[in-house]
Each structure stands twice: as structure tokens, then as C-alpha cells.
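Here is a short report on aromatic pairs and nonpolar cores. Look over the sequence and the model before reading on.

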Amino acid sequence: MLFLSSYIPLFGIIALRQFLSNIDYLNWAGFSVVGFMSFITHFGIASLCMTLIIIGSFGTYFVFELIKTNAPNGNNSKVIEVSSMNDEALGYMATYVIPLLYQDYSNLMDFCTMFIIFVIIYKLYVNSKLLLVNPMISFKYSIYSIKYMDGDVQRQAMLISPNKDILENDMVKLYNIGYQLFYGYNR
């Protein structure tokens with residue numbers, strides 16, 4: 001879900017571009033095979049993008065609601081070192097979203113090529129810390145790289161937080177949501 005939500009801006013722009021470039025074909029032709037094929041030909045990618053936007057938006061919302069519900073079960077820890085990663089979303093947009101924006105999605109070969117690229121990016125995304133570099137998450141949450149004390153042991157992790165001002169020596173409630181990945185907030 002987080003992968004889909006990271007591409008919501010791209011999916012929205014692709015849908016808008018296809019819709020505006022084919023607006024002359026937006027006529028009610030009734031329910032027929034010809035009408036359906038015309039719709040798929042001229043608005044198929046836009047429909048797919050809008051579906052992915054809806055799935056990504058609702059999925060991300062429910063994932064974070066579940067995390068927020070379970071977050072009070074986390075551990076209190078002291079932050080030793082903190083570094084904001086909010087600016088990483090700009091690099092992500094420039095690297096992974098903007099180049100895909102200017103592709104032609106009107107024929108099947110171009111669509112298949114882009115699908116293969118999305119599959120490759122997806123595999124890299126879920127197996128790396130790019131999971132946190134999500135422009136849609138950055139609207140509501142801050143992303144930090146932190147070092148914290150876990151008892152007597154110093155550990156390093158990534159933190160998603162609704163707080164915009166986590167500082168060194170702050171006490172935070174950390175809820176583990178993945179390998180070296182936490183949801184947390186100031187205590």
C-alpha cells in the first residue's frame with residue numbers, strides 16, 4: 001500500500017493527461033462491446049491509475065490507523081541523535097516520479113515497458129528504506145533517522161512520527177513496525 005501511495009502524484013497526473021487528451025471520446029455510447037473497447041482504449045490507463053490511487057489512499061490510511069491504535073503498546077526510549085529525512089521525498093520525486101511522467105502511455109508496448117519498470121522499482125522499494133521516502137506520507141508525518149537507547153544498548157532506526165520537532169534527549173514512544181523501522185511520538 002505504501003508503494004502505491006508513493007506514486008499517487010504520478011498516477012493522478014497520468015490519469016489527467018490521458019483524460020484531457022482523449023476528452024473528445026468521452027461520449028455515452030450505451031453498453032456495448034464497441035463502447036467498452038473504446039473506453040478501455042482511450043481511458044483504460046486513466047481508469048487503472050484512478051483505481052490505484054483509491055487503493056493506495058485507503059490502504060495507507062488503514063495501515064496508519066492500525067499502527068496508531070497499536071502504538072501505545074510500544075516502548076519508551078531516549079533519542080540520542082536525530083536527523084530529519086523529510087527532504088528525501090524531493091529526491092524520490094525527481095528520480096522515480098518525474099521521469100515517468102513524460103512517457104507515452106497510449107500503446108500497449110509502452111504500457112508494458114512501464115509496467116516492468118514499476119515491478120523493478122517495487123522490488124527495490126520494499127527491500128530498502130525507500131519505503132519511508134514517500135511524498136504522501138510526508139504531508140502528515142515526519143521521517144527521521146534516529147539513534148536511541150534500548151535499555152543500555154544504543155540502536156539505530158528509522159522513525160515515522162506525527163511530531164515535527166523530535167530532538168536529541170527527547171523521550172519517545174517507539175512502536176516497531178518493521179526491521180529498524182518504528183512509528184513513534186514524543187512522550
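## Aromatic pairs and cores

The structure holds eight aromatic pairs. The model is a predicted one. Two of the pairs are set out below.

| Pair | Centre to centre | Angle between planes | Type |
|---|---|---|---|
| Phe-58 and Phe-62 | 6.4 Å | 20° | stacked |
| Tyr-141 and Tyr-183 | 6.1 Å | 75° | edge-to-face |

Why is the pair of Phe-58 and Phe-62 stacked? Their planes are at 20°, so the pair counts as stacked, the cut-off being under 30 degrees. Both residues sit in helix 3 (residues 33–70). They are four residues apart, about one turn of the helix. Phe-58 and Phe-62 are both exposed.

Are Tyr-141 and Tyr-183 buried or exposed? Both are buried. Tyr-141 lies in the loop between helix 5 (108–126) and strand 2 (142–150), and Tyr-183 lies in strand 5 (residues 181–186), so their pair ties together parts that are 42 residues apart in sequence.

Ring pairs also join Phe-19, Phe-39 and Phe-43 into a cluster.

Now the cores. The largest nonpolar core has 27 residues. Two or more residues each come from helix 1 (2–6), helix 2 (8–21), helix 3, helix 5, strand 3 (153–161) and strand 5. Helix 3 gives the largest share, six residues.

A second core is separate and has eleven residues. Among them are Val-79, Val-82, Tyr-144 and Tyr-148.

Terms used:
Residues numbered from 1 in each chain as written. Predicted model: local features only at pLDDT ≥ 70, side-chain atom pairs only at ≥ 80, totals over all residues. Heavy atoms only, no water. Phe/Tyr/Trp six-rings, centres within 6.5 Å; stacked < 30°, edge-to-face > 60°. Buried < 20%, exposed > 50% of the residue type's maximum accessible area, 1.4 Å probe, protein only. Core = buried A, V, L, I, M, F, W, Y, C linked by side-chain atoms within 4.5 Å.
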